[in-house]
Amino acid sequence: MAERDDETLAALAHSISMTYSLLVDVCQALPVPIALPADRHVPVTGAVSAIQRVAELAKDQPMGELQEMQLFTGCIHLLAAIDLYVLCVTRYQETRAEGVGANLIYSDEALRRLLVWLLTDGTA
């Protein structure tokens with residue numbers, strides 16, 4: 001059972017990393033770009049504070065309300081996924097792991113839609 005849990009945690013960590021990379025791409029394409037730490041191994045504390053900063057700055061971006069909400073939604077769901085992941089590492093529960101996955105789906109969807117808009121209709 002523990003081996004499966006470790007595999008699940010590794011897959012979730014990779015998925016969190018991929019969603020964070022998507023957020024980095026979105027932030028570079030914003031009308032007013034926001035620089036995020038993009039090192040190969042960004043510490044969780046650094047990533048969390050950077051994601052929180054982006055969420056706070058979403059309303060200041062010169063784009064529509066829908067796009068602001070997509071950025072904010074992507075950030076808050078990524079933060080929720082990270083929080084649940086940390087709880088899973090401490091004490092694994094399948095529902096927490098599923099929560100990580102669900103939050104990543106919502107985050108990815110919002111960020112991907114925003115990135116498409118930025119690259120096709122936005123000013124980027």
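This is a predicted model: local features need pLDDT of at least 70, side-chain atom pairs count only at pLDDT 80 or more; totals for chains, interfaces and linings use all residues.
**Exercise 1. The contact of H2 with H3**

Which residues in H2 meet which residues in H3?

*Solution.* 
Step 1. Locate the helices. H2 covers residues 44-57 and H3 covers residues 65-90.
Step 2. List the H2 side. It consists of Val44, Val48, Ile51, Gln52, Val54 and Ala55.
Step 3. List the H3 side. Here the partners are Leu71, Phe72, Cys75, Leu78, Leu79 and Ile82.
Step 4. Sort these residues by class. The contact of H2 with H3 has 11 nonpolar residues, 1 polar residue and no charged ones.
Step 5. Take the geometry. The axes of H2 and H3 are 9 Å apart, and the packing angle is about 155°.
Step 6. Name the arrangement. Angles over 145 degrees count as roughly antiparallel, so H2 and H3 are roughly antiparallel to each other. Their crossing is left-handed.

**Exercise 2. The contact of H3 with H4**

Describe how H3 packs with H4, and give the classes of the residues in the contact.

*Solution.* 
Step 1. Find the spacing and the angle. The axes of H3 and H4 come within 8 Å and cross at roughly 155°.
Step 2. Name the arrangement. H3 is therefore roughly antiparallel to H4.
Step 3. Count by class. The contact of H3 with H4 has 16 nonpolar, 8 polar and 2 charged residues.
Step 4. The crossing of H3 and H4 is left-handed.

**Exercise 3. Cysteines**

How many disulfides does the count come to? Explain the result for Cys27 and Cys75.

*Solution.* 
Step 1. Recall the bond. A disulfide is a covalent bond between the sulfur atoms of two cysteines.
Step 2. Set the cut-off. The two sulfur atoms must be within 2.5 Å.
Step 3. Check Cys27. The cysteine sulfur closest to its own is in Cys75, 6.3 Å away, which is too far for a bond.
Step 4. Check Cys75. Cys75 is in no disulfide, since its nearest cysteine sulfur is that of Cys27, at 6.3 Å.
Step 5. Give the count. It comes to 0 disulfides.
Step 6. Look at the surroundings. Cys27 is buried, with a relative accessible area of 0%. Cys75 is buried too, with a relative accessible area of 0%.

**Exercise 4. Buried or exposed?**

Is Thr19 buried or exposed? Is Ile105 buried or exposed?

*Solution.* 
Step 1. Apply the cut-off. Buried means under 20% relative accessible area. Thr19 has 1% relative accessibility, so Thr19 counts as buried.
Step 2. Name its neighbours. Leaving out residues up to four places away in sequence, Thr19 touches Leu78, Leu104, Ser107, Asp108 and Leu111.
Step 3. Exposed means over 50%. Ile105 has 59% relative accessibility, so Ile105 counts as exposed.
Step 4. Relate Ile105 to Leu78. They are 27 residues apart in sequence, and their C-alpha atoms are 9.2 Å apart in space.

**Exercise 5. A loop residue**

Where is the place of Met63, and which residues does Met63 touch?

*Solution.* 
Step 1. Find Met63. It sits in the loop between H2 and H3.
Step 2. Check accessibility. Met63 has 11% relative accessibility, so Met63 counts as buried.
Step 3. List the contacts. Not counting residues up to four places away in sequence, Met63 touches Leu30, Pro31, Glu68, Leu71, Leu114, Trp117 and Leu118.
Step 4. Compare positions along the chain. Met63 and Val44 are 19 residues apart, with 29 Å between their C-alpha atoms.

Note on methods: Residues are numbered from 1 along each chain as its sequence is written. Side-chain values use heavy atoms; hydrogens and water are left out. Axes are lines fitted to C-alpha atoms, for helices over the stretch in contact, and angles run from 0 to 180 degrees between N-to-C directions. Helices (H or I, at least four residues) and strands (E, at least two) are DSSP runs, numbered from the N terminus. Angles under 35 degrees count as roughly parallel, over 145 as roughly antiparallel, 65 to 115 as roughly perpendicular and the rest as oblique. A crossing is left-handed if the near helix is turned anticlockwise from the far one by less than a right angle, and right-handed if clockwise. Contact means heavy atoms within 4.5 Å. Ala, Val, Leu, Ile, Met, Phe, Trp, Tyr, Cys and Pro count as nonpolar, Asp, Glu, Lys and Arg as charged, and the others, Gly among them, as polar. Buried means under 20% relative accessible area, exposed over 50%, partly exposed in between (1.4 Å probe, protein chains only).
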